[in-house]
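Here is a short briefing on helix packing and aromatic contacts in one model. The points are grouped by topic.

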Amino acid sequence: MPPLIYWFRKDLRLTDAPALAHAMHLAQRDGQPLLPVFCHAPPSTTRWGFARVGPHRQRYERATLDDLAANLQACGSRLLELAGPAATTLQALCQTVGASHIVCEDIAAPEEQAEVAALRAAGLTVQTLWQSSLLAPEQLPFAAGDLPDVFTRFRQQLEKAAVTPPAPLPQPTTLPAPPRLETPAWQLFYKQYQASTLIHQGPTAIKNGVIEARSSYPYHLPDWAGGESAALAHLRRYLANQQPHSYKATRNQLSGTGFSSKFSPWLACGALSARTVYAELKAFEAEWGANEGSNWLWFELLWRDYFRLLHHKYGVRLYHAQGLRGAQTAQAGAGVGAGVGTAWRPHNPPPPRATTAGSPELARWCAGRTGTPLVDAAMRELRASGYLSNRLRQVVASFWLFELGGDWRAGAAWFESQLVDHDVYSNTGNWLYIAGLGTDPRGGRLFDVAKQSREHDPEGSYQRLWLAD
Ligand SMILES: Cc1cc2nc3c(=O)[nH]c(=O)nc-3n(C[C@H](O)[C@H](O)[C@H](O)COP(=O)(O)OP(=O)(O)OC[C@H]3O[C@@H](n4cnc5c(N)ncnc54)[C@H](O)[C@@H]3O)c2cc1C
């Protein structure tokens, strides 16, 4: 019997995994072996001249996959890690093992959609299930194409309709057995596609394997490590310490492990599901009471959903240099263009000088050598640790766009390269939002760096911490 392939993408977990549960159901129903696979994309360099996946994300992903492999093994299964572009690698795998059916999660971003389209074009059956948002699209009180262009209206409509996320699925205790793979054709295939567990070092060296002790997300420590096991333990600890109650008061701080939830790295690779977070948060509120802080976490998780739904509505149009300018409905489009103009053009004519690979502005911004202390401290933290607070992401993004006249896509690409929590929807959505090139009619967000320093780092302690090198 040929195996059914389960292709892990950005859903590296067993708990609350509807697509995996569907594959398990099909395999059990048809008496098929289930082959769980992960494909490592070959290392690549962006058009801006740096590695697409930097060393922090490589290390974090390695830890996540090790945890997934151990959890699969405990359930009687085995993770197959392959090296190569997903579309061609999975085609070759299916040919070798005689499979024709792949199940995976749906990802609404252009490159990920193209992967699925290529597999289908090769004659394979690919069943995709949407699962990464808090709310299921079919629960929404509007069609995907009618998503409000302003976040607050989106949130208000949900609250009015009293929509709540589906309950998370439990963690399975067993999985259908994997196939026995021992034919000569398999040996040949595996020789060619076997993934190395080596980390490709990017331009940022991590000294002696020790990651920054100053990090706000110290993923080198077991409590913060990649993988579902650490994610669930962190969620329990966060709630046991009653941190949701102080979330609103602390969320704009710049440094430290406790000022915000730090759920994002686990959410981004799918080691943790947003529905699990929500269900646990509601149980916490039932026991300890809801307050402004715990409620604010819900708002933030809704932002995460909003940027996912924007991809459903606008797709590849989000990725233009000019974002959605001109791509929207006439009504919203007028607002977007007008807002950006009044927000920043008077101060910063936008010469496209910082937009090419190897431009000195881009190199200085990435290295934290712009001469503006708060920006430089933040960019050094990002590069050294793979994490940055939300407030500082906003400040450095605004600086890149409006002070240096940079292309939002270059800034977003550097974040993608560096952040352990890189998430295609949230990264693209936030960059477009700050650039004023997304849907929000109020235009771009210019952050006054001097004011941000006074308000959020009045003693200069954050700047001293990261400018000391
Ligand atoms: C330019 C820019 C790029 C960003 N890129 C990413 C990215 O690649 N991946 C990513 O997960 N977040 C991104 N964010 C959003 C936000 O900065 C991070 O989600 C947050 O800092 C992660 O830390 P936390 O988990 O402690 O957040 P918390 O403040 O504890 O928030 C809880 C959760 O809510 C969600 N959330 C919070 N703020 C946002 C937001 N603005 N947009 C979407 N979801 C949000 C996240 O899932 C987060 O884990 C970006 C923000 C900016 C301004």
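In this predicted model, Phe151, Phe154, Arg155, Leu158 and Glu159 of α5 meet Trp298, Phe299, Leu302, Trp303, Tyr306 and Leu309 of α11. By class, that contact has 9 nonpolar, no polar and 2 charged residues.

**α5 against α11**
- Helix α5 covers residues 151-161, and its axis comes within 10 Å of that of α11.
- The two axes cross at roughly 110°.
- Angles of 65 to 115 degrees count as roughly perpendicular, so α5 is roughly perpendicular to α11.

**α11 against α17**
- Helix α11 spans residues 292-314, and helix α17 spans residues 424-435.
- Their axes lie 8 Å apart, and the packing angle is about 90°.
- α11 and α17 are therefore roughly perpendicular to each other.
- On the α11 side, the contact is made by Trp303, Arg304, Phe307, Arg308 and His311.
- On the α17 side, Val424, Tyr425, Ser426, Thr428, Gly429, Asn430 and Tyr433 take part.
- By class, this contact has 5 nonpolar, 5 polar and 2 charged residues.
- Trp303 of α11 is listed in the contact with α5 and also in the contact with α17.

**Aromatic residues**
- The structure holds 28 aromatic pairs.
- One aromatic cluster is formed by Phe142, Phe151, Phe154, Trp303, Tyr306, Phe307 and Tyr433.
- Among these cluster members, Phe151, Phe154, Trp303 and Tyr306 also take part in the contact of α5 with α11.

**Charges over rings**
- Lys248 lies over the face of Trp296, 4.7 Å from the ring centre.
- Arg393 places its charged end over the ring of Tyr387, at 5.2 Å from the centre.

**α3 against α4**
- Helix α3 (residues 86-97) and helix α4 (residues 110-121) have axes that come within 9 Å.
- These axes cross at roughly 35°.
- The crossing is right-handed.
- Ala86, Ala87, Leu90 and Gln91 of α3 make the contact with Glu115, Ala118 and Leu119 of α4.
- By class, the contact has 5 nonpolar, 1 polar and 1 charged residues.

Technical notes:
Residues numbered from 1 in each chain as written. Predicted model: local features only at pLDDT ≥ 70, side-chain atom pairs only at ≥ 80, totals over all residues. Heavy atoms only, no water. Axes fitted to C-alpha atoms, helices over the stretch in contact; angles between N-to-C directions. Helix = DSSP H or I, 4+ residues; strand = E, 2+ residues; numbered from the N terminus. Parallel < 35°, antiparallel > 145°, perpendicular 65-115°, else oblique. Contact = heavy atoms within 4.5 Å. Nonpolar A, V, L, I, M, F, W, Y, C, P; charged D, E, K, R; others polar. Phe/Tyr/Trp six-rings, centres within 6.5 Å; stacked < 30°, edge-to-face > 60°. Lys NZ or Arg CZ within 6 Å of the ring centre and 35° of its normal. Left-handed = near helix turned anticlockwise from the far one by under 90°.
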